[in-house]
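The structure comes first, and the report follows it.

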Amino acid sequence: MIHQLIEKQLRLAVASIDPPVDPQSIQVVICQESQYGDYMTNSLMGIARQRKLNPRQFATEIKARLELDEYCESIDVAGAGFLNFRLKTEAIGQVLRQAIANGDSLFEKAIHPRTYVVDFSSPNVAKAMHVGHIRSTILGDCLARILKLLGHKVITDNHLGDWGTQFGKLILGWKTQLNQAQLEIDPISEMERIYKSLNAACDADPALYESAKRELANLQAGDEANLAIWKRMISLSQIQFDQIYSRLGVVFDHTLGESFYNGRLKSLVQDFTSSGLAHQHEGAVKIFFDDLPELKDHPAVIQKNDGAATYTTTDLATLEYRLQHWQPDEIIYVTDGRQQLHFKEVFTAFQRWMPGHRIKLNHVWFGSILGEDGKPFKTRSGEVVKLSELLNEAEERAQKVVAEKNPNLDQATQKEIARVVGIGAVKYADLLPNRQSDYVFSWDKMLSFNGNTAPYLLYAYTRVRSIFRKLAETGEAFESTSMPEKSRLEAPEEIKLAKHLLNFGFALQAVIADWRPNFLCNYLYDLAGFFARFWEACPVLKAEPPMRQTRLGLCALTGQVLKQGLEALGLETTDKM
RNA sequence: GCGCUCGUAGCUCAGUUGGAUAGAGCAGCGGAUUUCUAAUCCGCCGGUCGCAGGUUCGAAUCCUGCCGGGCGUACCA
């Protein structure tokens with residue numbers, strides 16, 4: 001991409017300076033104000049300051065050393081010492097022509113691919129997946145997709161909640177009040193029912209609570225009957241998870257739940273104790289962080305006074321397993337922001353456990369989904385919203401709109417479009433806000449055709465497809481090599497669209513730098529906007545060659561980037577809407 | 001109390017990590033369709049970026065203090 005050539009030239013120009021400059025400190029970015037240029041750097045000002053040079057004079061000297069005539073129409077020193085670059089339209093055309101001819105993507109793959117483990121979704125066995133799981137699932141899947149697109153090795157792992165105290169009550173309930181018929185019809189609801197029922201009963205009757213604890217102890221001791229029930233609950237739950245993941249298009253390489261690490265927990269506690277990293281305290285085993293102000297008052301419990309491990313223990317064992325088996329460069333944990341303290345503890349404990357290990361651990365946290373009243377998102381009756389029902393409603397609402405806007409399509413096509421649009425709308429609405437902020441869930445907003453929404457972007461894509469459909473009807477085909485050498489970008493709408501196409505890679509990089517897909521959402525929204533304006537102003541099929549070929553080329557690349565970008569977000573596309 | 005986080009247009013939110021004149025959508029007002037899908041596009045209106053200091057060429061962004069929300073602060077996950 002051209003901005004990388006500019007950056008390279010800048011680094012070269014600065015390289016001869018003594019004392020030497022860190023090349024990484026020179027960055028070329030998109031110029032926000034197009035009146036100044038297409039790209040700019042403000043890095044020279046910082047260097048000039050350090051060396052007590054006049055910033056404008058320094059920028060002027062560097063400018064003189066650049067050999068960018070082939071790509072830049074102008075290079076200007078501006079303001080306090082900015083360097084602004086305006087691209088030659090011929091150079092832009094050349095990049096686009098090559099991309100079409102070679103089938104290249106408009107972004108660069110990673111030069112040094114890394115290995116990432118992405119830990120996300122993590123629903124609980126014997127419970128319905130609900131709105132509380134969508135952000136982790138959608139965000140984690142999206143990050144995994146983008147890392148893969150950029151050429152990294154990605155391992156996705158679903159760390160199921162398949163172990164814990166709830167199984168005492170569940171097993172007791174299963175033995176005493178299971179309704180087999182209901183279990184056949186709707187296993188999740190039946191398991192939720194017996195859990196709720198036992199939970200209430202145990203609160204009222206301490207003796208019953210003791211029985212539940214005995215069932216749990218038996219399970220943990222390896223009692224065969226209890227193990228069989230537990231396994232059955234997992235497999236029934238997995239069927240439900242698979243249905244949801246299939247609808248969402250989410251795939252896991254591994255599903256290693258908490259229980260997978262049971263065998264390691266005791267010895268891990270032992271390791272921590274014997275190496276002095278953890279200490280007995282009030283009957284429990286804890287790791288203290290007296291030297292860290294934020295964790296000073298929050299020792300991590302790795303063994304409770306009843307001898308059981310905690311999720312901190314499990315997370316440490318999980319981390320160890322992943323290191324040993326997958327050798328990742330980084331692990332990404334995608335969870336609710338409320339677990340920040342927990343992950344601080346785990347990460348800090350890990351550093352002490354394996355000091356000097358160079359793995360990078362990222363807690364990618366997100367805010368809550370709120371209802372229109374600003375309180376946590378619930379159904380009208382105050383229940384948690386089940387994910388399956390949420391997706392159903394999304395498809396139903398989308399279906400109504402499709403039927404209204406495009407009644408001529410047959411039923412099956414309408415339904416398929418509604419599925420793509422409905423699921424896409426939910427995903428996009430989830431990825432669009434800054435992940436760290438809470439957002440208000442609104443059907444009307446996410447299904448609107450105006451504004452930064454999935455339907456708007458998907459519609460832009462169908463417009464591209466529509467042009468190529470029309471082209472095919474005339475018996476012509478878009479030759480991939482047919483964007484002619486003499487073709488030129490002329491209309492301002494063509495040039496703006498073309499320039500924006502060059503910046504796809506910036507958006508992908510920005511996502512990875514901060515684990516924030518909303519940068520890609522915003523890029524695609526801008527792209528769809530530039531394309532819409534191009535569409536209004538620049539007839540494609542009615543244009544004369546070579547302009548016609550140029551415009552077809554722009555359409556082809558816009559379609560390509562929209563599709564790649566939407567798929568990177570986890571959205572499917574459709575040719576008609 | 002302590003910790004994390006947020007406060008930007010009437011509403012819902014962006015703002016690529018310190019850049020140039022703070023942007024969208026909705027709502028409100030006004031335009032555009034013999035046309036490749038108008039599920040669209042264009043224009044107008046709308047701001048003391050919570051408040052007060054500080055850092056510097058330059059602050060919505062960084063530091064301090066205050067005000068106001070949310071969350072966390074379990075031997076739950």
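## A salt bridge within one helix

R193 and E190 both sit in helix α8 (residues 187–204), three residues apart, or about one turn of the helix. Their side chains form a salt bridge, with 2.8 Å from N to O; the term stands for a side-chain nitrogen of Lys or Arg within 4 Å of a carboxyl oxygen of Asp or Glu. E190 is buried at 2% relative accessibility, whereas R193, at 37%, is partly exposed. Buried is used here for under 20% relative accessible area, exposed for over 50%, and partly exposed for values in between (1.4 Å probe, protein chains only). Helices (H or I, at least four residues) and strands (E, at least two) are DSSP runs, numbered from the N terminus.

## Basis of the values

This is a predicted model, in which local features need pLDDT of at least 70 and side-chain atom pairs count only at pLDDT 80 or more, while totals for chains, interfaces and linings use all residues. Residues are numbered from 1 along each chain as its sequence is written, chains are lettered from A and ligands numbered from 1 in the order in which they are written, and side-chain values use heavy atoms, with hydrogens and water left out.

The whole structure contains 25 salt bridges. One of them joins the side chains of R135 and D430, at 3.7 Å from N to O. R135 belongs to helix α5 (residues 131–149) and D430 to helix α15 (residues 411–431), so this pair ties together parts that are 295 residues apart in sequence. Both partners are buried: R135 has a relative accessible area of 3%, and D430 has 4% relative accessibility.

A salt bridge also links the side chains of R322 and D157, at 2.8 Å from N to O. Because R322 is in helix α12 (residues 311–326) and D157 in strand β6 (residues 153–157), the pair connects parts 165 residues apart in sequence. R322 is buried at 0% relative accessibility, and D157 is buried at 0% as well. Salt bridges with shared partners join D119, D157 and R322 into one network.

## Surroundings of N452

N452 lies in the loop between α16 (443–446) and α17, and its relative accessibility of 17% makes it buried. The side chain of N452 makes polar contacts with the side chains of Y428 (2.5 Å) and N522 (3.2 Å). A polar contact is a pair of N or O atoms within 3.5 Å; within protein, one must be able to donate a hydrogen and the other to accept it, and residues adjacent in sequence count only if both atoms are side-chain atoms.

Leaving aside residues up to four places away in sequence, N452 touches Y428, L432, C521, N522 and Y525. Contact here means heavy atoms within 4.5 Å.

## The surface near RNA strand B

RNA strand B is surrounded by 61 residues, the closest being R49, F449, Y459, S466 and D514. A residue counts as near the strand if one of its heavy atoms lies within 4 Å of it. Elements that each supply at least two residues of this surface include β4 (82–87), α17 (454–473) and α20 (518–537). The largest share, eight residues, comes from α20.

For R463, a polar side-chain atom is 2.5 Å from a phosphate oxygen of RNA strand B.
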